[in-house]
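Student: Could we go through this chain together, beginning with the words we need before we look at its parts?

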Amino acid sequence: DHTCEVCLGTACYAKGASSLLASIERETGIAAGATTPDGTLTLKVSRCPGACGMAPLVVYDDVAAGRQTAEDMVRRVKGWLG
């Protein structure tokens, strides 16, 4: 139903994207590349969608959101899983 794609390109990685990914993996119980058992969420990683000025970037259902925090991600994704 939904996708959450964390950019791990150089700029995003330098701004903490790996920590964002680890947080959302813990919260959802799935690893990058996996989908929740009910099919609600697929967690993905990308290498650089070309929006380095917005790092760290997360793409939610094909809509880019810049300067994300772990709290931003968890709030957004938990709303889908609720």
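Tutor: A nonpolar core is a set of buried Ala, Val, Leu, Ile, Met, Phe, Trp, Tyr and Cys residues joined through side-chain atoms within 4.5 Å, where buried means under 20% relative accessible area with a 1.4 Å probe, counting protein chains only. The model is predicted, so local features need pLDDT of at least 70 and side-chain atom pairs pLDDT 80 or more, while totals for chains, interfaces and linings use all residues. Residues are numbered from 1 along each chain as its sequence is written, and side-chain values use heavy atoms, without hydrogens or water.

Student: Which residues touch the most other members of the largest nonpolar core?

Tutor: This core has 22 residues. The residues that touch the most other members are C4, V6, I24, V58, Y60, M73 and V77.

Student: With which residues is V6 in contact, leaving aside its neighbours within four places in sequence?

Tutor: Contact means heavy atoms within 4.5 Å. With those neighbours set aside, the partners of V6 are A17, L21, K44, V45, S46, L57, V58 and M73.

Student: What pattern does the chain follow along the sequence?

Tutor: The chain holds three helices and four strands. Read along the sequence, their order is β-α-α-β-β-β-α.

Student: What percentage of the 82 residues count as buried?

Tutor: The same cut-off applies here, under 20% relative accessible area. Of the 82 residues, the buried share is 38%.

Notes:
Helices (H or I, at least four residues) and strands (E, at least two) are DSSP runs, numbered from the N terminus. Buried means under 20% relative accessible area, exposed over 50%, partly exposed in between (1.4 Å probe, protein chains only).
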